[in-house]
Amino acid sequence: MRCVMLVLGFAASIVASAYGSMQVEPCDSPSQWEAAYSMFNPREGHEFTVRGRYTYDKLSLRKRRFEQVDDILHPNYQFLEIIELFKEEKRYVIDMRTRLCHEEPLYHPGERDNGFHAHDVPASAHLEGIQFLGSKAIEKGSLNVSQWTYRYVDRLYFWEGSFTLDKCIPTRSEAFNSTTFGVILEEFFDVTPGIGDPNVFIPPAQCVGQTAQIYRHGRQGRHGRMLR
């Protein structure tokens with residue numbers, strides 16, 4: 001994994017050289033946005049792929065996802081709605097097939113420091129370079145993104161992310177932890193600033209206080225929350 005990171009960083013630095021003395025600084029993505037997204041974990045025995053819609057609200061510290069899940073440990077696709085309310089420290093999981101709901105605390109003992117994961121570039125992140133998405137040889141056929149890496153304080157959690165140079169829109173996020181979840185890759189598409197319907201953060205009334213057991217794919221729980 002480290003070799004992959006180094007190769008990517010080297011390639012990005014070559015591209016960045018074309019920009020001369022251009023200054024690129026860590027940036028914050030829009031405070032509220034919606035997007036289509038995908039998530040993938042290739043860890044053997046825990047593989048899963050997620051595709052869905054994501055609503056992000058940094059101002060009110062809340063997130064909502066509608067997911068189609070393909071999990072090696074589960075025989076059929078799952079369709080889940082997940083609402084995370086960080087101020088209330090609550091997570092709601094709704095199985096869209098059965099309508100079963102599950103309410104649980106966002107944090108378990110010792111996990112509070114994980115907190116709300118903002119889709120921003122950490123202030124001390126390292127700029128690996130600038131890349132072209134698409135084709136620079138075709139007029140208006142490419143998008144310029146900055147690529148960043150950051151190692152968290154515990155030295156076990158490594159993050160790499162790509163953001164558009166204009167407006168700091170996240171396009172890709174990859175996290176690696178050798179002792180827990182392995183690698184998780186997220187990609188964002190068709191990002192739209194703002195929130196079309198703020199009611200998506202209101203859990204169904206029948207969910208409140210319910211503890212129905214809903215099977216969820218491998219990223220849920222402690223290690224999944226590190227990425228949010």
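**Figure 1. The disulfide of C27 and C168.** The torsion about the S-S bond of C27 and C168 is about 75 degrees, so this disulfide is right-handed. C27 sits in the loop between helix 1 (2-16) and strand 1, and C168 sits in the loop between strand 9 (157-164) and strand 10 (170-177), so the bond ties together parts that are 141 residues apart in sequence. The model shown here and in the other views is predicted. The S to S distance of C27 and C168 is 2.0 Å. Both C27 and C168 are buried.

**Figure 2. The disulfide of C101 and C207.** The structure holds two disulfides, and this view shows the one that joins C101 to C207, with 2.3 Å from S to S. The angle about the S-S bond is -45 degrees, and the link is left-handed. C101 belongs to strand 6 (residues 101-105), while C207 belongs to the loop between strand 11 and helix 2 (222-225), so the pair ties together parts that are 106 residues apart in sequence. C101 and C207 are both buried. With bonded cysteines counted along the chain, the disulfides follow the pattern 1-3, 2-4.

**Figure 3. The whole chain, for orientation.** The chain has two helices and 11 strands. From the N terminus on, the order of elements is α-β-β-β-β-β-β-β-β-β-β-β-α. The chain has 228 residues, and 46% of them count as buried. Among contacts in the chain with a separation of 6 or more, 53% are between residues 24 or more positions apart. The accessible surface is about 11,800 Å², and carbon and sulfur atoms make up 54% of this area.

Figure 4. In soluble globular proteins, nonpolar side chains tend to be buried together. The largest nonpolar core here has 18 residues, and those that touch the most other members are W33, Y37, M39, V50, Y54 and F188. Strand 1 (32-41), strand 2, strand 4 (78-85) and strand 11 (182-193) each give two or more residues to this core. Another core lies apart from it and has 10 residues, including V121, I130, W159 and F163.

Figure 5. T55 is part of strand 2 (residues 48-57). Is T55 buried or exposed? T55 has 4% relative accessibility, and buried means under 20%, so T55 counts as buried. Leaving aside neighbours within four places in sequence, the residues in contact with T55 are W33, E34, R62, K63, R64, I195, V200 and F201.

**Figure 6. A network of salt bridges.** R65, E67, E84, R91 and E104 are linked in a network of salt bridges. R65 and E67 are both buried. E104 and R91 also form a salt bridge, with 2.7 Å from N to O. This pair links distant parts of the chain, with E104 in strand 6 and R91 in strand 5 (residues 90-95), 13 residues apart. E104 and R91 are both buried.

**Figure 7. The salt bridge of R172 and E174.** A search of the whole structure finds 10 salt bridges. In the one between R172 and E174, the closest N and O atoms are 2.6 Å apart. How do the two residues stand in terms of burial? R172 has 21% relative accessibility and counts as partly exposed, whereas E174 has a relative accessible area of 7% and is buried.

Conventions. Residues are numbered from 1 along each chain as its sequence is written. This is a predicted model: local features need pLDDT of at least 70, side-chain atom pairs count only at pLDDT 80 or more; totals for chains, interfaces and linings use all residues. Side-chain values use heavy atoms; hydrogens and water are left out. Helices (H or I, at least four residues) and strands (E, at least two) are DSSP runs, numbered from the N terminus. Buried means under 20% relative accessible area, exposed over 50%, partly exposed in between (1.4 Å probe, protein chains only). Contact means heavy atoms within 4.5 Å. Accessible areas come from the Shrake-Rupley method with a 1.4 Å probe; for residues, only the protein chains shown count as cover. A nonpolar core is a set of buried Ala, Val, Leu, Ile, Met, Phe, Trp, Tyr and Cys residues joined through side-chain atoms within 4.5 Å. A disulfide is a pair of cysteine sulfur atoms within 2.5 Å. A salt bridge is a side-chain nitrogen of Lys or Arg within 4 Å of a carboxyl oxygen of Asp or Glu.
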